[in-house]
Amino acid sequence: MSKLKAILLDRDGTLIEDKNYAFKIEDLEILPGVIEGLKILQKEYIFVIVTNQSGIGRGYYTLEDFHNFNNYLIELLNRENIKILKTYYCPHLREDKCECRKPKTKFIDEIIKDFNVNIKESWMMGDHPSDIQFGMNAGCGTVFLTTGHGDKHLDELKSLEIKPTIISDNFLNAAKKILQLD
Ligand SMILES: [Mg+2]
Ligand SMILES: [Zn+2]
């Protein structure tokens, strides 16, 4: 069986407005261009979400809150015929020094196994330098979005010498560039 190509999606600030530890459904707001962008990418790629959710570890919301909120997003996307195959979430704090918090690559290994993914032909899209580092660690193409926290992290990106393949302020434009490069 030939391997699949995947888009690894950060969630907060990438697919939805980053409202700092949001977990209430009424606070869920899909960012401009996301639905359209996912629709054009879906012809060539499968989708998974990879998200750091330290709000769980901090006790800001429960695991159940997280699942309710996340399932609602998946349902909204489903209604647009967009399929998210799985959500990989890290509930830990940075201080926990776990193996699953981006930019650590435990989830990369799981994604490759779970979906028979060709990771070198896959992409990571996110709004934080750790997303880009995560994608680079995996050998993926990377998209840095300035839609969430991305804007304020642009300088950090430069100083860390992290070079995303694509930098964009709009998910749909980023999606089009991915398709041009693939
Ligand atoms: Mg983010
Ligand atoms: Zn973790």
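I'll start with helix H5, residues 129–138. Seven of its ten residues are buried, so the rest of the structure largely encloses this helix. Bear in mind that this is a predicted model.

Which residues of H5 are buried? They are Pro 129, Asp 131, Ile 132, Gln 133, Phe 134, Gly 135 and Ala 138. Buried here means that 20 or more other C-beta atoms lie within 10 Å of the residue's own. After H5 comes Gly 139, which has a positive phi, near 85°.

Now the sheet. It is open and has six strands, in the order S3-S2-S1-S4-S5-S6, and the pairing is parallel. At the edges are strand S3, 84–90, and strand S6, 166–168, each of which pairs on one side only. From one strand to the next, the twist averages 20°.

To take one pair from that sheet: strand S1, residues 6–9, and strand S2, residues 46–52, are joined by four bridges in the parallel sense. Leu 9 has Ile 49 in S2 as its bridge partner.

Next, the helices that go with these strands. Helix H4, residues 106–115, packs on the sheet and touches S1, S2 and S3. The direction of H4 makes about 155° with that of S3.

The other helix to mention is H7, residues 171–181. What does H7 lie across? H7 lies across strand S4, 123–126, strand S5, 141–145, and S6. Relative to S6, helix H7 runs at about 160°.

To go back to the opening point: H5 is largely enclosed by the rest of the structure, because seven of its ten residues are buried.

Notes
Residues numbered from 1 in each chain as written. Chains lettered and ligands numbered in written order. Predicted model: local features only at pLDDT ≥ 70, side-chain atom pairs only at ≥ 80, totals over all residues. Buried ≥ 20, exposed ≤ 12 C-beta atoms within 10 Å, placed from the backbone. Helix = DSSP H or I, 4+ residues; strand = E, 2+ residues; numbered from the N terminus. Pairing = 2+ DSSP bridges. Axes fitted to C-alpha atoms, helices over the stretch in contact; angles between N-to-C directions. Contact = placed C-beta atoms within 7 Å.
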